[in-house]
Amino acid sequence: MYQAIPYRPSVSTVTRDLPITSGIHDTNVITMVSENAVIIIGTRGCCLCHVVKRLLQGLGVNPPVYEVDQDRETSVVAQLSTHASAAETVQFPAVFVGGKLLGGLERVMASHISGELVPILKDAGALWL
């Protein structure tokens with residue numbers, strides 16, 4: 001007979017959140033953006049990052065989250081602004097899809113509601129549907 005696995009409310013899950021270390025440089029942020037199909041960049045402890053991550057996980061994407069300390073926020077925004085187009089401003093949380101700035105929570109929600117998000121994720125290689 002089969003034995004049930006006991007329920008443990010504090011089961012640790014493996015996440016792909018990227019840790020902040022004191023030796024990381026701003027150029028690594030651009031490398032992470034270009035190497036990941038989808039990445040969320042936000043300030044440490046930002047609840048909006050969690051909302052964006054949960055929305056993308058609901059679609060089948062498991063994006064890494066890069067949390068920026070407040071003392072490095074301006075340098076990371078400046079570095080990401082050089083990577084984004086001139087018309088776009090980088091605000092946290094910033095969602096990059098396929099190496100390009102998609103936008104923040106508002107833009108991700110709007111593209112999800114309009115049905116544009118899934119094709120964008122497919123084109124970036126983050127979804128295989």
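Colleague: Leaving aside neighbours within four places in sequence, which residues is Thr43 in contact with?
Modeller: Happy to start there, and please keep in mind that this is a predicted model. Thr43 sits in strand S1, which covers residues 38–43. Setting aside neighbours within four places in sequence, its contacts are Glu67, Val68, Glu73 and Phe92.

Colleague: In which helix or strand is confidence highest?
Modeller: For the protein, the mean pLDDT is 79, with 76% of the residues at 70 or more. Over residues 9–24 the pLDDT is below 50, and this stretch has 20 contacts in the model beyond near neighbours in sequence. Confidence is lowest in helix H1 (residues 26–35), at a mean of 78, while the highest value, 93, belongs to H4.

Colleague: Then let's visit H4. Why can we say that its buried residues line one face of the helix?
Modeller: Three names to find in the structure are Leu105, Val108 and Ser111, the buried residues of H4. Looking down the axis of H4, these buried residues fall within an arc of 140°, so they line one face. On the other side of H4, the exposed residues are Glu106 and Ile113. The arc that answers your question is 140°.

Colleague: What do the buried residues of H4 pack against?
Modeller: Ser111 is one of those buried residues, and its relative accessibility is 0%. Not counting residues up to four places away in sequence, Ser111 touches Glu116 and Leu117. Taken together, the buried residues of H4 pack against helix H2 (47–58), strand S3 (94–97), S4 and helix H5 (117–124).

Colleague: Which residue just after H4 takes a positive phi?
Modeller: Most residues other than glycine have a negative phi, and most peptide bonds are trans. Just after H4, a positive phi of about 90° is found at Gly115.

Colleague: And which two residues are joined by a cis peptide bond?
Modeller: Look at the loop between helix H3 (73–83) and S3, where Pro93 lies. The bond has an omega of about 0°, and the residues it joins are Phe92 and Pro93.

Colleague: Now for the largest pocket. Which element gives the most to its lining?
Modeller: The largest pocket holds about 170 Å³ of space, and its lining includes Leu48, Phe92, Pro93 and Arg107. By type, the lining residues divide into six nonpolar, four polar and two charged. Strand S4 (100–103) and helix H4 (105–114) each supply at least two of the lining residues. The most, three residues, comes from H4.

Colleague: How far apart are the C-alpha atoms of Gly99 and Ala124?
Modeller: Gly99 is in the loop between S3 and S4, and its relative accessibility of 17% makes it buried. Not counting residues up to four places away in sequence, Gly99 touches Val33, Asn36 and His83. Gly99 and Ala124 are 25 residues apart along the chain, and their C-alpha atoms are separated by 8.4 Å.

Colleague: Among contacts between residues at least 6 apart in sequence, what share joins residues at least 24 apart?
Modeller: Gly99 and Ala124 gave us a pair 25 residues apart along the chain. For the protein, among contacts between residues at least 6 apart in sequence, the share joining residues at least 24 apart is 63%.

Definitions and conventions. Residues numbered from 1 in each chain as written. Predicted model: local features only at pLDDT ≥ 70, side-chain atom pairs only at ≥ 80, totals over all residues. Heavy atoms only, no water. 1 Å grid on protein atoms, 1.4 Å probe; cavity = no way out; pocket = protein on both sides within 12 Å on 5 of 7 lines; lining within 4 Å. Points joined across faces, edges and corners; volume = space filled by probe spheres on them. Helix = DSSP H or I, 4+ residues; strand = E, 2+ residues; numbered from the N terminus. Nonpolar A, V, L, I, M, F, W, Y, C, P; charged D, E, K, R; others polar. Contact = heavy atoms within 4.5 Å. Buried < 20%, exposed > 50% of the residue type's maximum accessible area, 1.4 Å probe, protein only. Arc of directions from axis to C-beta. pLDDT = per-residue confidence, 0-100.
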